[in-house]
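Visitor: I would like to go through this model step by step. Please start with its charged side chains.

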Amino acid sequence: MKRYSGFKLLAVDDNEHNLFTLRALVQQHMDVEILEARGGAEALEIAQSHPDIDLIILDVQMPEVDGFETAQMLKLRKKTRDIPIIFLTAAFKTEEFQRKGYDVGAVDYLLKPIDDDQFLNKISTYFRLIEKERRLNQILEEKVAQRTAELDQAKQYLENILKHMGEALLVLSPDGVIRQVNPAACGMLGYSSNELIGMSIGDVFEEQGEEQAGAFMGTWLEALIRTGALRDIDAAFIAKGGERIPILFSRTAVTTADGAIGDIICIAKNMRGYRKVSEEADASTAAG
């Protein structure tokens, strides 16, 4: 069974006989699609229109645009810069000649006349490396897709919790600006989420006007830095229509890697019903 089905090889040589030999040799042993160019200019056109080429066999000595110039131009183009190039030459004339090929982006050299076994082994090596890279990329893509799906599921789960929780949730910036709210917060305060986001927390707290907001948040931050969290504090919200809503309030800070406060998570429990029941119970006890 022939290997490397789906791979694409570009053979570049100004000699028609050499192209025929390469094509016959490869097709005898591999199920590889072969594109042919009879010079550097044609090779550039083909490579530009076939961005899925896996390997280029490039003759060095060609008229007009030689192999070195062709390789240089291929490496300058975004679509073709990463295609491995194996130079084909009659001989290494000098060490400088060989070094020049590597400098312009070749990964290897093959000598003419072609040694069949050496040629097949050489291109098989590069195809195997490409196969391995593709498998690794596929595994990585699958892991990324799996992780993305897990994160989406976790996000949906969290959103579902926030949507149905009875307590009001407000996420604040360190300077007290509301960044995120849940439906319970909107219902309690009478604002839409769009209205609340961007407001200062001082705007919805009892007796927290603009002049006091800075000190209010400063006190918060000092307490959060000192204790990490403040829980079950008696406070009150002022709803959109001016109604006072007694709440049991908790807040905690989410710190960044360097220990700075990132977000402040606030949870408020509406105590209006609880307070009324408690007052009625106290009145009943006193009367008894």
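Visitor: How many salt bridges does the count come to?

Guide: This is a predicted model, in which local features need pLDDT of at least 70 and side-chain atom pairs count only at pLDDT 80 or more, while totals for chains, interfaces and linings use all residues. Residues are numbered from 1 along each chain as its sequence is written, and side-chain values use heavy atoms, with hydrogens and water left out. A salt bridge is a side-chain nitrogen of Lys or Arg within 4 Å of a carboxyl oxygen of Asp or Glu. By this rule the count is 14.

Visitor: Which residue forms a salt bridge with Arg3?

Guide: Side chains of opposite charge can pair when their charged atoms come close. For Arg3 the closest N and O atoms of the pair are 2.9 Å apart. The pair links distant parts of the chain, 128 residues apart, with Arg3 in the segment before β1 and its partner in helix α5; helices (H or I, at least four residues) and strands (E, at least two) are DSSP runs, numbered from the N terminus. The partner is Glu131.

Visitor: Is Arg3 buried, partly exposed or exposed?

Guide: Buried means under 20% relative accessible area, exposed means over 50%, and partly exposed lies in between (1.4 Å probe, protein chains only). Arg3 has 40% relative accessibility, so it counts as partly exposed.

Visitor: Which side chain meets Glu33 in a salt bridge?

Guide: The N to O distance in this salt bridge of Glu33 is 3.9 Å. Glu33 is in strand β2 and its partner is in strand β1, 25 residues apart.

Visitor: In which sense do strands β1 and β2 pair?

Guide: Two strands pair if DSSP finds at least two bridges between them. Strand β1 covers residues 8-12, and five bridges join it to β2. Within this pairing, Leu9 stands opposite Ile34 in β2. The sense is parallel.

Visitor: What is the handedness of the unit made by β1, helix α1 and β2?

Guide: A crossover is right-handed if, with the strands pointing away from the viewer, the path from the first strand over the helix to the second runs clockwise. Here the helix is α1, residues 16-29. The β-α-β unit is right-handed.

Visitor: Why is strand β2 largely enclosed by the rest of the structure?

Guide: Strand β2 runs over residues 33-37. It is largely enclosed because, of its five residues, the number buried is four.

Visitor: Which residues are linked with Glu36 and Arg38 in a network of salt bridges?

Guide: The side chains of Arg38 and Glu36 meet in a salt bridge at 3.4 Å, N to O. Arg38 counts as partly exposed at 38% relative accessibility, whereas Glu36 is buried at 16%. The network also includes Glu16 and Arg23.

Visitor: Which residues is Ser124 in contact with, leaving aside its neighbours within four places in sequence?

Guide: Ser124 is in helix α5. Its relative accessible area is 12%, so Ser124 is buried. Contact means heavy atoms within 4.5 Å. With those neighbours left aside, the contacts of Ser124 are Tyr4 and Met30.

Visitor: What is phi of Tyr4?

Guide: Tyr4 lies in the segment before β1 and counts as buried at 6% relative accessibility. Although Tyr4 is not a glycine, its phi is positive, at about 65 degrees.

Visitor: Is Glu64 buried or exposed?

Guide: Glu64 lies in the loop between β3 (55-59) and α3 (67-76). Phi of Glu64 is also a positive value in a residue other than glycine, near 65 degrees. The relative accessibility of Glu64 is 80%, so Glu64 counts as exposed.

Visitor: Which residue does a cis peptide bond join to Lys112?

Guide: Omega of this bond is about -5 degrees.
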